[in-house]
Amino acid sequence: MTEPLRVLVADDQTLVRTGFRLILRADGIDVVAEATNGTEAVDAVRRTRPDVVLMDVRMPEMDGLEATRRILTGAPDTPRVIILTTFDLDRYVYAALSAGASGFLLKDVTPEQLTAAVRTVRTGDALLAPAITRRLVQRFAQHGSDTAALHRDLASLTPRELEVLGLLARGLSNAELASRLHLAEATVKTHVARILAKLGLRDRVQAVIVAYETGLVSAGEREAAQQSTEQT
């Protein structure tokens, strides 16, 4: 990926848009458009075809959740969407992740975290803010979300792929997966890529959601695994 990274910033607060634009451009990232509401964001994506969209949740006319659904539905080459939020919007964030968003950032993110997140999510290689995102998934995945769930048939996965998916959903990184399973990290990456391909998923965020929604992993299992890790 040698071409300049192209970003759209959607937020109804001028100060937020301006600050993010200055931070991104200072790091060599091209801000191709800005939007003050979801309707403008959808139109701007179609017009400018960015690589990544920074999407606020609460905006007038059309909120970020509905805009994310429209942007990520139907088009063959869609951008990655990062949701901008605060802790009190947890339920909306989970709904956005279910709709296909690749992760989220808090609005008080540092400049370094912002640029790193945008570059990371472009590749689809990592889960943004993993600890917090997993907390959201565990909290809402099995509590009757009012959004369409990501229903997937896990029967297409091999036993090893099921094992990798379960550990992935419990919060293990590729390096930790490799150590736990006594595999090379490159082999783990191959397993993850095959899981995403077989289940028709965009990235690791959706893989975590599927693991919870299908019952492969429960909140209790995740907490037990986390406690076990902390004790070792």
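**Entry 1: α2 against α3**

I looked up how α2 and α3 pack in this predicted model, and found an angle of about 20 degrees with the axes 9 Å apart. The axes are lines fitted to C-alpha atoms, for helices over the stretch in contact, and the angles run from 0 to 180 degrees between N-to-C directions. α2 and α3 are therefore roughly parallel to each other (angles under 35 degrees count as roughly parallel, over 145 as roughly antiparallel, 65 to 115 as roughly perpendicular and the rest as oblique). I noted the crossing of α2 and α3 as right-handed (the near helix is turned clockwise from the far one by less than a right angle). G38, A41, V42 and V45 of α2 make the contact with A67, R70 and I71 of α3 (contact means heavy atoms within 4.5 Å). Sorted by class, this contact has five nonpolar, one polar and one charged residues (Ala, Val, Leu, Ile, Met, Phe, Trp, Tyr, Cys and Pro count as nonpolar, Asp, Glu, Lys and Arg as charged, and the others, Gly among them, as polar).

My reading notes: residues are numbered from 1 along each chain as its sequence is written, and side-chain values use heavy atoms, with hydrogens and water left out. Local features need pLDDT of at least 70, side-chain atom pairs count only at pLDDT 80 or more, and totals for chains, interfaces and linings use all residues.

**Entry 2: the two sides of α2**

Which residues of helix α2 (residues 38-48) are buried? I listed G38, A41, V42, A44, V45 and T48 (buried means under 20% relative accessible area, exposed over 50%, partly exposed in between, with a 1.4 Å probe and protein chains only). They cover an arc of only 165 degrees around the axis, which puts them on the same side of α2; the arc is that of the directions from the helix axis to the C-beta atoms. These buried residues pack against β1 (6-10), β2 (30-35), β3 (52-56) and α3 (64-72). On the face turned away, I found the exposed residues R46 and R47.

**Entry 3: T68**

Next I checked T68, which sits in helix α3. T68 counts as buried because its relative accessibility is 0%. Leaving out residues up to four places away in sequence, T68 touches M55, V81, I83, A96, A99 and A101.

**Entry 4: the whole chain**

I noted eleven helices and five strands in the protein (DSSP runs numbered from the N terminus, helices being H or I of at least four residues and strands E of at least two). Of the 232 residues, 48% count as buried.
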